[in-house]
Amino acid sequence: MILEEMYRSGVRTPNASQIQQITARLSYYGRIEGKNVFYWFQNHKARERQKLRRRLCSHYQLLYSTNSLPHHQFYCSQEAPVFPLPLHHATPSPFLHQVSNSSPSVPS
């Protein structure tokens, strides 16, 4: 809970002295090392990015399924962008791969 609160308050990549302070504070609750704190923040940021990518993928899939490309299906790659594009953006993102429903081939 303490780490979550710090993350929500804006701490994303604590420096060495911050990690030391956080570790000292958390040691009250049990044995913990600085590397545990460091890795927690790294993992938490990565999970947040993954969630954002999934939301953007869903957004693109919804956008393209309700717009002018009914005969094509889109799926997101692992390199999906981590920034939102305007809804009126008509050109497919290079991070989305177009797959024709009539074609049996799958992009690699």
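At 32% relative accessibility, Glu33 counts as partly exposed, a class that lies between buried (under 20% relative accessible area) and exposed (over 50%), computed with a 1.4 Å probe on protein chains only. This is a predicted model, in which local features need pLDDT of at least 70 and side-chain atom pairs count only at pLDDT 80 or more, while totals for chains, interfaces and linings use all residues. Residues are numbered from 1 along each chain as its sequence is written, and side-chain values use heavy atoms, with hydrogens and water left out.

Side chains of opposite charge can pair when their charged atoms come close. A salt bridge is counted here if a side-chain nitrogen of Lys or Arg is within 4 Å of a carboxyl oxygen of Asp or Glu. Glu33 forms such a bridge with Arg31, with the closest N and O atoms 3.6 Å apart, and Lys35 forms another with Glu33, at 4.0 Å between the closest N and O atoms. Arg31 is exposed, at 79% relative accessibility, whereas Lys35 is partly exposed, at 49%.

## A salt bridge within helix α3

The whole structure holds four salt bridges. One of them joins the side chains of Glu48 and Lys51, at 3.9 Å from N to O. These two residues are three apart in helix α3, so about one helical turn separates them; helices are DSSP runs (H or I, at least four residues) numbered from the N terminus. Glu48 is partly exposed, with a relative accessible area of 31%, and Lys51 is also partly exposed, at 40%.

## The two sides of helix α2

Helix α2 spans residues 16–26, and its buried residues are Ile19, Ile22, Thr23 and Leu26. Seen down the axis of α2, these buried residues fall within an arc of 100°, so they line one face of the helix; the arc is that of the directions from the helix axis to the C-beta atoms. On the other side of α2, Gln20, Gln21, Ala24 and Arg25 are exposed.

The cover over the buried residues of α2 includes α1 (2–8) and α3 (34–66). Leaving aside neighbours within four places in sequence, Ile22 is in contact (heavy atoms within 4.5 Å) with Leu3, Met6, Pro14, Val37 and Phe41.

## The nonpolar core

A nonpolar core is a set of buried Ala, Val, Leu, Ile, Met, Phe, Trp, Tyr and Cys residues joined through side-chain atoms within 4.5 Å. The largest one has 10 residues: Ile2, Leu3, Met6, Tyr7, Val11, Ile19, Ile22, Leu26, Val37 and Phe41. The elements that give two or more residues to this core are α1, α2 and α3, and its largest share, four residues, comes from α1.

## Aromatic contacts

There are four aromatic pairs in the structure. Rings of Phe, Tyr and Trp (its six-membered ring) pair if their centres lie within 6.5 Å, and planes under 30 degrees apart count as stacked, over 60 as edge-to-face and the rest as tilted. The ring centres of Tyr7 and Trp40 are 6.3 Å apart with their planes at 80°, so this pair is edge-to-face. Tyr7 lies in helix α1 and Trp40 in helix α3, so the pair ties together parts that are 33 residues apart in sequence. Phe38 and Tyr39 form another edge-to-face pair, at 5.4 Å centre to centre and 70° between the planes.

Tyr7, Trp40 and Phe41 form one aromatic cluster. Tyr7 is buried, at 8% relative accessibility.
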